Amino acid sequence: MDIHVKRQKITLPIKGIPKDELLALLKDARKNDADWHGGKLWGLVYFGGDEHNDFLKQVYSLYFSENALSPMAFPSLRKFETEVVAMSADLLGGDRKVVGTLTSGGTESILMAMKAYRDQARAKSLEKITPEIIAPMTAHPAFEKAAHYFDLKIVHVPVDSESFRADLTAVREAISPTTVAIVGSAPCFPYGVVDPIAELAGIAEENQIGCHVDACLGGFLLPFMRKLGHPVPEFDFSVPGVTSISADLHKYGFAAKGASVVLYRMKKLRNHQFYTYSEWPGGLYGSPSILGTKSGGPIAAAWAAMNVQGEEGYLERARVIMETTRKLMQGIQAIPELHILGKPDMSVFAFGSEEINVYALGNLMERRGWHLSYLQNPACLHMLVNPHQEAFAEAFLQHLNEAVKEVRASPSQAAEGMGAMYGMMAKIPNKESVNEFILRFLSDQYKL
Ligand SMILES: *Cc1c(COP(=O)(O)O)cnc(C)c1O
């Protein structure tokens, strides 16, 4: 069933298509999409259960039309945002001086923090400098994107080859007169380990520069794990020297997509994030973050998600997530060919192998319907655990055991698809050509 088959090229239909027909088409269109609901996807979707999602959808649709571009026109949205920011700051060790903004996601939170550090530095300096940010190799590409957009320089430092945490000696050596901030992750996406935040923030303080903690993944899980008695390294505003934090509500906050917070220890730094323009005939313009028009839906849903779950709800989800993670990690470690990289601090981890081709293993798991992410340098497979996957962990491990045996049985078996692509890319020494390839790949993705 494809409405476009009848037409030569895609154009606006002359006559509107009936709603029931469109709904049927939309449902049908999903048949090749990843089965996140059935627990097959270890990433991308964070799911707090059908009942929770139905409630979020109800809240979201209440604010479907409202536009957070103007907090004056919609004081309710302003209230939700300030309360979400305040609750998040409190969870993350902040006092009442901590301020922040609700953004559309982790990337926007990170872009905004990096812009704030840049503009703070530029306000202090008479010459135009290119501010430098020191970030471990494992930091999210959003920091690279920020540098690309805002004319910053990212200085990458290696991570320890066993713990995968930022190498502190390398961080100290990377400091220059134009360094404006040090970045640490809590935890980093690839290996799920928390960087040594207290030490990074200490180095930042000694040098009177900022320290941004990227808690996009951990911001709404680590505080609850700590309450449950898990050993959680220090990572938030309770660490002196931490000056800003990003934390995603649309990940382990179990809010609707389109919600993250960026928090600052001091208002002065946050104000460097804001943008104002006074000359427009359309009126005086001021905007806190990147977007202009902004749906009220994600904002109301983020507020409702925090309030409906409460501490007890988050604790219960954290318990299930960590129990499932433990089961999965134990099951993987019990397979002699596989090992987990580093000592993951949370519910995100990678596993690799010295003996078998893990990309080929990833393919065989795909054939069984499971989607794992592929990591590089070193090659490994990646998982990120959701509470509903408690019910799927055993089936996953059974399939993983089978797939490992299958790869073992035919060691010459080459990886296909994404696995083959990663294998091929690893052999190209020239990063420029790899970037070219990614660009072509991306461009092809959006062909009709
Ligand atoms: C997801 C993530 C981001 C980026 O967030 P988006 O919501 O995808 O824009 C940044 N840092 C870490 C560690 C993440 O896991």
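Helices (H or I, at least four residues) and strands (E, at least two) are DSSP runs, numbered from the N terminus. With that in hand, pick out strand β2, residues 132–136, where you'll find Glu132.

Before clicking further, some ground rules. This is a predicted model, in which local features need pLDDT of at least 70 and side-chain atom pairs count only at pLDDT 80 or more, while totals for chains, interfaces and linings use all residues. Residues are numbered from 1 along each chain as its sequence is written, and side-chain values use heavy atoms, with hydrogens and water left out.

**Stop 1: Glu132**

Stay on Glu132 and colour by accessibility. Is Glu132 buried or exposed? Glu132 is buried, at 12% relative accessible area (buried means under 20%, exposed over 50%, partly exposed in between, with a 1.4 Å probe and protein chains only). Now show what Glu132 touches beyond four places in sequence: Lys153, Val155, Ala174, Ser176, Thr178, Thr179, Val180 and Ala181. Contact here means heavy atoms within 4.5 Å. Draw a distance between the C-alpha atoms of Glu132 and Val180: they sit 5.8 Å apart, although 48 residues separate them along the chain. Then look at the side chains of Glu132 and Ser176, which make a polar contact at 3.2 Å. A polar contact is a pair of N or O atoms within 3.5 Å; within protein, one must be able to donate a hydrogen and the other to accept it, and residues adjacent in sequence count only if both atoms are side-chain atoms.

**Stop 2: the ligand**

Select the ligand and its shell. Which residues come nearest to the ligand? Of the 13 around it, those are Gly106, Thr107, Asp214, His250 and Lys251 (a residue is near if one of its heavy atoms lies within 4 Å). Taken alone, the ligand exposes 380 Å², and the protein buries 84% of that; the areas come from the Shrake-Rupley method with a 1.4 Å probe, and for residues only the protein chains shown count as cover. Highlight helix α4 (residues 106–124) too, as it supplies the largest share of the shell, 3 residues.

**Stop 3: Ser347**

Next, go to the loop between β10 (339–340) and β11 (348–352), where Ser347 sits. Ser347 is buried, with a relative accessible area of 0%. Its side chain makes a polar contact of 2.9 Å with the side chain of Tyr252. Beyond four places in sequence, the residues touching Ser347 include Leu221, Ile321, Met322 and Met383.

**Stop 4: His52**

Jump to helix α2 (residues 50–62) and select His52. His52 is buried, at 8% relative accessible area. Its contacts, leaving aside neighbours within four places in sequence, are Phe254, Ala305, Val308, Gln309 and Arg317.

**Stop 5**

Helix α13 (residues 417–426) holds Ala420, which is partly exposed at 30% relative accessible area.

Finish on helix α14 (residues 431–445), whose 15 residues reach 21 Å from first C-alpha to last, close to the 21 Å expected at 1.5 Å a residue (the expected span is 1.5 Å times one less than the number of residues). At the start of α14, zoom in on Asn430: one of its side-chain oxygens comes within 2.8 Å of the backbone nitrogen of Glu432.
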